[in-house]
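Please open the structure in a viewer and keep the selection panel at hand.

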Amino acid sequence: MRTLLKGVPHALAQPVCDALLGEGIESRVVRPFTSFAGYGPTPPAEIVILNDDDTSRALSAAAECVLGLASQAAEEAEIDLSKLSPALRVACPACERELDPRLAVEGTIACACGARHDIVELIVNQHGPEALEGCTTTREAADDAPTLMHATVKCIHCGYELEGLARRGICPECGKPYDKAVCVLHPYLAAEFKK
Ligand SMILES: [Zn+2]
Ligand SMILES: [Zn+2]
């Protein structure tokens, strides 16, 4: 028996455990004892596997599962451009005209020069992802969405959000190589696996 992951948010623990079972890897979700039944956030869980020989297979199956959940959470997040700073402008990459992002229709902005651009891409390229802070709303209908947002894929070196980038590559922020499978599990890995 071996503790595979620690501090796993509630919304991730059971799906990961199910994914492991789906691969034929016997695992359990272990929750720390809680004193105030029903109050406060559900404490993070640990995932243990029963057979140590399954460790590397279990880590990759867990990574695939968390990556799947992360991309699902990203699809559910919507960007509300009306919450952008009123002063924020982007430049048309084709003609360099200044454009007001709030004039975008369904995520696309049309410039007077005839070019059409993905507005979120322009904002991120020209002002960085932090310009969208405060504009992301998660669909309220999805009850478990706030907890699934724990499954964001961040660079383990600098914390940059790797959303929308290739599975493996070079982090645009710090220039170090990343593998999303490693990134998603990194916050939950026991020290012995972190090398
Ligand atoms: Zn233009
Ligand atoms: Zn980085």
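Throughout this tour, contact means heavy atoms within 4.5 Å. This is a predicted model, in which local features need pLDDT of at least 70 and side-chain atom pairs count only at pLDDT 80 or more, while totals for chains, interfaces and linings use all residues. Residues are numbered from 1 along each chain as its sequence is written, chains are lettered from A and ligands numbered from 1 in the order in which they are written, and side-chain values use heavy atoms, with hydrogens and water left out.

**First stop: His117**

Select His117, which is found in strand E8 (residues 116-118). Helices (H or I, at least four residues) and strands (E, at least two) are DSSP runs, numbered from the N terminus. His117 is buried, with a relative accessible area of 14%; buried means under 20% relative accessible area, exposed over 50%, and partly exposed in between (1.4 Å probe, protein chains only). Apart from neighbours within four places in sequence, the contacts of His117 are Cys92, Pro93, Ala94, Gly107, Thr108, Ile109 and Leu122.

Donors are N, O and S atoms within 2.8 Å of the metal (3.2 Å for Na, K and Ca); water is not among the atoms, so sites may look incomplete.

Next, select the zinc ion (ligand 2), coordinated at 2.3 Å by the SG atoms of Cys155, Cys158, Cys171 and Cys174. Cys155 lies in the loop between helix H4 (145-148) and strand E10 (168-170), and Cys171 in the loop between E10 and strand E11 (177-179), so the pair ties together parts that are 16 residues apart in sequence. Both Cys155 and Cys171 are buried.

**Last stop: strand E3**

Finally, select strand E3 (residues 45-49), in which four of the five residues are buried. Strand E1 (residues 2-8) runs antiparallel to E3 and is joined to it by four bridges; Val8 has Ala45 as its bridge partner. Two strands pair if DSSP finds at least two bridges between them.
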